[in-house]
Amino acid sequence: MTLSIGTRLNRNVLVYKGIQPRILVDGNNYEDASLYRSRGGYRELDDEVAFLNDVSASGLRGRGGAAFPVAVKLASVRTAAGDSVVVANGEEGEPTSVKDRWLLRHRPHLVLDGLRLAAQVVGTMTAVVYLSDSPARDRVEKALEELRGDASFGLQVTVVQVEPSYVAGEETAAVQAINGGPALPTDKPPRPFEEGVAGLPTLVNNVETLANLALLHQLGPEGYRRVGTDNSPGTFLMTLSTAAGASLCEVPFGVTLREVLSWSGIDPDGVRGFLMGGYFAGVIGPRALDLSLDYDVYASAGTGLGCGAVIILDEETCAVATSAAVMTYFGRENAAQCGSCFNGTSAMANVLESLRDSAADLAELDRLKRWSTFLRGRGACGTLDGATNVAASLLREFPDSVEVHLRGACPSCETGKFPSYPPYGVSYAADDV
Amino acid sequence: MEIRLDRTLCDGFGMCAEYAPQTFSVDEWGYVSLYPGKSNVEISEEDGVRRALLDCPVHAIIDTTSKNK
């Protein structure tokens, strides 16, 4: 039996206790251009070099998953010869995350302001908003209409919409789709900052990253750093899911999941573990409760914050069954391009499904262990790395659960309550706007 | 000599890993990746890499020597 535990956002938009919200300032209300201006948006940028220095001093890191320093990316496109292009990447392929769609649906001007600033820093007037969500597209076009004739905006923006898929949000997939091809990743090099849209150096930034760029312009680097940690300053959007529902939360870096769960009314002691960074960073046991929410702290712990999606595995949820479900997703939703990826994800899914069903043997488990390290880095995009993270983290974090499945007596799995497809996918319907 | 490998094109013929085994790492399904740092081809591997480049049925190996100079 498969029990559906797909979750719905249900308008749960929450700001962590005691902080001044930066992004979730007004619940689910749409922010138009005049309201955004009244909050300090679209202020003139008169010195690009000084602003780039501010971005560097702020320590702003990308929110798309890789946490790359934004100033470095800006500088690399700025210093490239000739014209360039900037892209706001709002194609949220990760089924457990809703934050990018929320931003585009409710605060498109915050994103467009960041896009304008990024364009000015790299020295271009050509910009693209790349997305798949139709309600988000409607809101972006409405926002652009509000800016029509506004000379201070001064950016030529094209909106490119693609069909949603896990791999479509990868930056080379965005570039290929904008260039008229399929929304599939390409191998690197070249990276988009070297050769991207129309062959030009291209800055591709996640929309939450661009929102933070606009906030940084309003707050200044010191103001921006008032919240967060030294290495992960500011706040971030966390899509927090349980089997019962999902919430979009604005959380300061530096607090712990124990604090976040307690604040949101979830008993941390009833947690078996987490699926971290959506599907990308794999599973982790209860030790994650006391890690500071910081990119580097999480990386040192062998996991990652990724796009900020956190799925709580409760006491009735088996980490093996969860990992099998995620690996099955990777096996189906990979780009079907790189042989190591479509073979590797499928092979790892077979082993994990056997393990979940208590039918795997030690030889299969040894193969899974080998693939979890050998296959890392063997795909053009990050899908195969996400899959190896799932396998490696299960073996590292939940050896007892693996052992139980080898013996054939997992109490959670005997109930037959496995995640529906896609596992822990958060529904964000158009009527949730 | 500098090369890049387009793994989205590779069809797993695996000849490259036979011609230049220090450059191309092959998985158990026959698909290859470059070993780390091996986009800069070692002199001792150049003949094998050049043969792999010319023989690859899907042209997944690209000579980037002139482009990067």
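The centres of domain 1 and domain 2 of chain A, taken over C-alpha atoms, lie 34 Å apart. The model is predicted. Domain 1 of chain A covers residues 20-225, and domain 2 covers residues 319-409. The two domains touch. Ten residues of domain 1 of chain A and eight residues of domain 2 of chain A take part in the contact. On the domain 1 side, four of these residues are nonpolar, three are polar and three are charged.

The largest nonpolar core holds 151 residues. Within this core, V87(A), V111(A), A118(A), F274(A), V320(A) and M348(A) touch the most other members. Both domain 1 (20-225) and domain 2 (319-409) of chain A give residues to the core, so the core lies between them. V111(A) shows how such a residue is surrounded. Leaving out residues up to four places away in sequence, V111(A) touches A88(A), L103(A) and L104(A), and also V207(A), L210(A) and A211(A).

Chain A also contains an open sheet of six strands. Their order is β2-β8-β7-β11-β9-β10, with mixed pairing. The edges are formed by β2 (13-15) and β10 of chain A, and each of these strands pairs on one side only. In general, the strands of a sheet pair through backbone hydrogen bonds, in either a parallel or an antiparallel way.

The hairpin of β9(A) and β10(A) has six residues between its strands. In this hairpin, G277(A) takes a positive phi near 60 degrees. Five of the six residues of β9(A) are buried, so the strand is largely enclosed by the rest of the structure.

Helix α11(A) has 15 residues, which should span 21 Å at 1.5 Å a residue. Its end C-alpha atoms are 21 Å apart, so the span agrees. Helix α11(A) is mostly covered, with 13 of its 15 residues buried.

Helix α14 (residues 383-397) of chain A also has 15 residues. From its first C-alpha to its last, α14 reaches 21 Å, close to the 21 Å expected at 1.5 Å a residue. Eleven of the 15 residues of α14(A) are buried, so this helix is largely enclosed by the rest of the structure. Among the buried residues are T383(A), L384(A), G386(A), A387(A), T388(A) and N389(A). V390(A), A391(A), S393(A), L394(A) and E397(A) are buried too. Their cover includes the strands β9 (271-276) and β10 (283-284) of chain A. It also includes the helices α11 (319-333), α12 (339-356), α13 (362-374) and α15 (399-407) of chain A.

A further contact joins the two chains. Ten residues of chain B and eleven residues of chain A take part in it. The side of chain B that touches chain A has three nonpolar, three polar and four charged residues.

Methods. Residues are numbered from 1 along each chain as its sequence is written. Chains are lettered from A and ligands numbered from 1 in the order in which they are written. This is a predicted model: local features need pLDDT of at least 70, side-chain atom pairs count only at pLDDT 80 or more; totals for chains, interfaces and linings use all residues. Two residues are in contact if their C-beta atoms, placed from the backbone, lie within 7 Å. Ala, Val, Leu, Ile, Met, Phe, Trp, Tyr, Cys and Pro count as nonpolar, Asp, Glu, Lys and Arg as charged, and the others, Gly among them, as polar. Helices (H or I, at least four residues) and strands (E, at least two) are DSSP runs, numbered from the N terminus. The expected span of a helix is 1.5 Å times one less than its number of residues. A residue is buried if 20 or more other C-beta atoms lie within 10 Å of its own, exposed if 12 or fewer, and partly exposed in between; C-beta atoms are placed from the backbone. Domain bounds come from an automatic or database domain assignment. A nonpolar core is a set of buried Ala, Val, Leu, Ile, Met, Phe, Trp, Tyr and Cys residues joined through C-beta atoms within 7 Å. Two strands pair if DSSP finds at least two bridges between them.
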